[in-house]
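Let's take a walk through a protein together.

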Amino acid sequence: MTTASDDLARQQLQAILQAHQQQAGALLPILHAVQDTLGYIPDWAVADIARAQNQSRAEVHGVITFYHHFRTSPPAAHTLQICQAEACQARGSRELTAHAEQALGCSLHGRSGDIGLEPVYCLGLCATGPNIQLDDKMISRVDAGKLDCVLAGLKEA
Ligand code: FES
């Protein structure tokens, strides 16, 4: 059974494919547009994308899985990004990431309940790292205790 939102998603996919119809090598722009529009790249969309790009489903799937940026399932309600770039690493982001993985019970690119844990490579606040971004909010000088407070605040919300 399809729902109205399924129908809308399929219409949105077709609009994206049409918009890129004349563009050579449009697979990546299409995948970005689909994820920006639908929040992820559903399995059912892969066949249509492959057909529109004259590629096999395996080729499209290979591109989707090659780039960590692309999601194949709906995003979590909240996204916690931890900066992995050099300046934040020098200020302890690796240890912070290990703490977050332990606290959430998932690895980077994983998900724990309503929280998705993702790497990010520089948030432009290099002098005040380690930095994280929770949804749209950037938070600086984060240590394990501060991260625990952020996570506790999310669970209370
Ligand atoms: S290196 Fe982390 S904000 Fe720039």
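Among the contacts in the protein with a separation of 6 or more, 58% are made by residues 24 or more positions apart. Keep in mind that this is a predicted model. Of its 157 residues, 37% count as buried, and the C-alpha atoms fill a box of roughly 50 × 35 × 25 Å along the principal axes.

What is the chain built from? The protein has seven helices and five strands, and along the sequence they follow the pattern α-α-α-α-β-α-α-β-β-β-β-α.

Now find helix α1, residues 4–19. At 1.5 Å a residue, its 16 residues should span 22 Å, and the end C-alpha atoms are 23 Å apart, which agrees. Which residues of α1 are buried? They are Ala 9, Leu 13, Ile 16 and Leu 17. Seen down the axis of α1, these buried residues fall within an arc of 95 degrees, so they line one face of the helix. Here is a handy rule: an α-helix has 3.6 residues a turn, so residues three or four places apart point the same way. The buried residues of α1 pack against α2 and α3, while the face turned away from the buried side carries the exposed residues Ala 4, Gln 11, Gln 18 and Ala 19.

Next, follow α2 (residues 27–38) to its contact with α4 (residues 57–66). These two helices pack at an angle of about 65 degrees, with axes 11 Å apart, and the crossing is right-handed. Leu 27, Leu 28 and Leu 31 of α2 meet Val 60, Val 63 and Ile 64 of α4. The residues of this contact divide into six nonpolar, no polar and no charged.

How values were computed. Residues numbered from 1 in each chain as written. Predicted model: local features only at pLDDT ≥ 70, side-chain atom pairs only at ≥ 80, totals over all residues. Heavy atoms only, no water. Axes fitted to C-alpha atoms, helices over the stretch in contact; angles between N-to-C directions. Helix = DSSP H or I, 4+ residues; strand = E, 2+ residues; numbered from the N terminus. Left-handed = near helix turned anticlockwise from the far one by under 90°. Contact = heavy atoms within 4.5 Å. Nonpolar A, V, L, I, M, F, W, Y, C, P; charged D, E, K, R; others polar. Expected span 1.5 Å × (residues − 1). Buried < 20%, exposed > 50% of the residue type's maximum accessible area, 1.4 Å probe, protein only. Arc of directions from axis to C-beta.
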